[in-house]
Amino acid sequence: MLELLERAAGAGGGESTRAASPSAFGLVPEQLAERGCPGSVNNAFQRLQRPWTWTHVEPPLHQAAARWLVEHTDLRLPEVERDVGASDGTTRVVYRSGGDAFEAVHMPRDVRAPRVTMCLSSQVGCGMGCRFCATASMGLVRNLSAGEIVGQVLATMDRIGPKTSNQLSLVFMGMGEPLHNVTEVVHAISTLCHPLGLGLSPRRITVSTSGVVKGIDELARAPRRPRLALSLNATTNPTRTAIMPVNRKWDLAELRAALGRWPFEARERITVEYVMLAGINDADDDVDRLVAWLDGLPHMLNLIPFNPHHAAPGMRASSPERVSEFAAALHAAGCRVTVRVNRGRDVAAACGQLVVGAGSGR
Ligand code: SF4
């Protein structure tokens, strides 16, 4: 599409100008207008945000708008460095933008109707240090911009699908802690939900956090509020602090209070993720504490079999039998519980395995 726009503009913007410019894919019509984009900003936004229109030259962007975009914005999508398909249909896509690599995972499902869930990165690397997570070994390199986050979605749709957005769901469970980059993530969500673009419902977008309470409160006030998921993984403060250092700042009581403040819609539930670690968080006492912690919270508890990897030596997955017993005990105590089927294991795209150079534990 960039080529198309450059042709339409009749001149390419200089590399140095583009490098310093904001990504065109992170600008909503109001921002295009404020910055001086001529012609119909709605038309320009629509053309940029709908990948299924990119191969068609008609109707072309207004010439002046195309020239303005080339000169005042960065029209480069994140570049695909490589994509690797798993035997279950999952594809792990490694992107490069601004010299840094990050990953998205494309997971087709065909339950009642064909659908795609895309797992997105919000940062390059991650600074949260969760001990069971491969991404943590990278440390935090930088935040992704809203344009890079939206660009991941559009580039993946253009390359692999789906063709239109009505089959698409998004989860921020790739590399990074989204609520440490909450301003860009919230803006990206508003852009992705814009009716002139993909027009996604915020109910089809889930943001997963390791427990950044300040960010949860900020996300609760977002104009397009997504669904919330929490990566919990322990039922006592000493254990949670040992495997998730964020617990030093916001402990289990503060976290539960923050979830209690979440402005639930009718039938909305918070997804609580729990990576099952043998001998660490899978005891019978953990069941009792988990039931008490979840009491009164509209939830869906998702038990996640641990994916062993080089960055978590000494951590072992709970056995499948133990995961089943744990789930059954929680269910009997009145919790809503599911066991996650891990996807993309053979291409290191499953939970806890994304690291560039191999995402995340959520
Ligand atoms: S689990 Fe999520 S928050 Fe924790 S280190 Fe991994 S990517 Fe970061």
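Reader: Great. Which residues in H6 meet which ones in H7?
Author: Ala-146, Ile-149, Val-150 and Val-153 in H6 meet Glu-184, Val-185, His-187, Ala-188, Thr-191 and Leu-192 in H7. Meeting here means that the C-beta atoms, placed from the backbone, lie within 7 Å. Before we go on, this is a predicted model, where local features need pLDDT of at least 70, side-chain atom pairs count only at pLDDT 80 or more, and totals for chains, interfaces and linings use all residues. Residues are numbered from 1 along each chain as its sequence is written.

Reader: Thanks. And at what angle do H6 and H7 pack?
Author: About 45°, with the axes 8 Å apart; H6 covers residues 146–159 and H7 residues 182–193. The axes are lines fitted to C-alpha atoms, for helices over the stretch in contact, and angles run from 0 to 180 degrees between N-to-C directions. H6 and H7 are therefore oblique to each other (under 35 degrees counts as roughly parallel, over 145 as roughly antiparallel, 65 to 115 as roughly perpendicular, and the rest as oblique).

Reader: Let's zoom out. How many helices and strands are in the chain?
Author: The chain has 12 helices and 12 strands. They are DSSP runs numbered from the N terminus: helices are H or I with at least four residues, strands are E with at least two.

Reader: In what order do the strands of the open sheet run?
Author: The order is S1-S2-S3-S4-S7-S8-S9-S10-S11-S12, an open sheet of 10 strands with mixed pairing. S1 (79–85) and S12 (337–339) stand at the edges with a single partner strand each, so one side of each has no neighbour in the sheet. Two strands pair if DSSP finds at least two bridges between them.

Reader: Can you give me examples of that mixed pairing?
Author: S3 (residues 100–110) and S4 (residues 114–119) run antiparallel, joined by six bridges, and His-106 stands opposite Met-118 in S4. S4 also pairs with S7 (residues 168–172), in the parallel sense over four bridges; there Val-116 stands opposite Leu-168. S9 and S10 are parallel too, over three bridges, and Ser-231 has Glu-273 in S10 as its bridge partner.

Reader: Switching to H10: which of its residues are buried?
Author: Leu-255, Ala-258 and Leu-259, in a helix spanning residues 252–261. They cover an arc of only 100° around the axis, which puts them on the same side of H10; the arc is that of the directions from the helix axis to the C-beta atoms. A residue is buried if 20 or more other C-beta atoms lie within 10 Å of its own, exposed if 12 or fewer, and partly exposed in between.

Reader: So what covers the buried residues of H10?
Author: The cover includes helix H8 (213–220) and strands S9 (227–231) and S10 (270–276). The face turned away carries the exposed residues Ala-253, Ala-257, Gly-260 and Arg-261.

Reader: Last one: are Asn-233 and Arg-267 buried or exposed?
Author: Asn-233 is buried, with 27 other C-beta atoms within 10 Å, while Arg-267 is exposed, with 7 C-beta neighbours inside 10 Å. Neither is a glycine, yet phi is positive in Asn-233, near 70°, and in Arg-267, about 65°. Asn-233 sits in the loop between S9 and H9 (237–243), and Arg-267 in the loop between H10 and S10.

Notes. Two residues are in contact if their C-beta atoms, placed from the backbone, lie within 7 Å.
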